Amino acid sequence: MATQQDLRDRIAELEDILGLTAEFPPAVAMKCRGLAPVQARLLGLLMKRKFLPWSCAHDALYGGRPASELPDMLALASIVKYLRKRLTPLGVTIQTVYGEGIFIAAIDKKRLLEAWPEIEPKSNVVRLPTAH
């Protein structure tokens, strides 16, 4: 019989497979970039997945809250708007499929990683800049 910890570990494993966990970008790196934790988490979800449905993004960001404390979809739209403002100067676009969800094209993901080299997807590792 599986223990509670075994079940928690399996849930975490499945969430990672589905791209529902987002440890990217690391909090230290994102603090330097001026992103709030919820903004960094959404960016992490976008970097890990080819396409992120609105409902999945909402659940991943707010799923642990009681129903009475869940923000509406406008809160999610506000986060996307802020991220777009931050990423546009880097040549990175968050694209919308109306009524379905959002995504970042592969070329833009590459561009983002080149612009912010201290962050690594699927990792909690922060590469510190080396002194030259």
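User: What makes the set of residues around Leu-42, Leu-43, Leu-52, Ile-94 and Ile-102 the largest nonpolar core?

Analyst: The largest nonpolar core holds 25 residues, and those with the most contacts inside it are Leu-42, Leu-43, Leu-52, Ile-94 and Ile-102. The term stands for a set of buried Ala, Val, Leu, Ile, Met, Phe, Trp, Tyr and Cys residues joined through side-chain atoms within 4.5 Å, where buried means under 20% relative accessible area, exposed over 50% and partly exposed in between, with a 1.4 Å probe and protein chains only. At least two residues of this core come from each of α3, α4 (54–62), α5 (73–87) and β3 (101–104); helices (H or I, at least four residues) and strands (E, at least two) are DSSP runs, numbered from the N terminus.

The model is predicted, and local features need pLDDT of at least 70, side-chain atom pairs count only at pLDDT 80 or more, and totals for chains, interfaces and linings use all residues. Residues are numbered from 1 along each chain as its sequence is written, and side-chain values use heavy atoms, with hydrogens and water left out.

User: Which residues does Leu-42 contact, leaving aside its neighbours within four places in sequence?

Analyst: Leu-42 is in contact, meaning heavy atoms within 4.5 Å, with Leu-52, Ala-57, Leu-61, Leu-76, Ile-79, Val-80, Leu-83 and Ile-102.

User: Why is α3 called oblique to α4?

Analyst: The axes, which are lines fitted to C-alpha atoms over the stretch in contact for helices, with angles from 0 to 180 degrees between N-to-C directions, come within 10 Å and cross at roughly 135 degrees. Angles under 35 degrees count as roughly parallel, over 145 as roughly antiparallel, 65 to 115 as roughly perpendicular and the rest as oblique, and therefore α3 is oblique to α4. Val-38, Arg-41, Leu-42 and Leu-45 of α3 make the contact with Ala-57, Ala-60, Leu-61 and Tyr-62 of α4.
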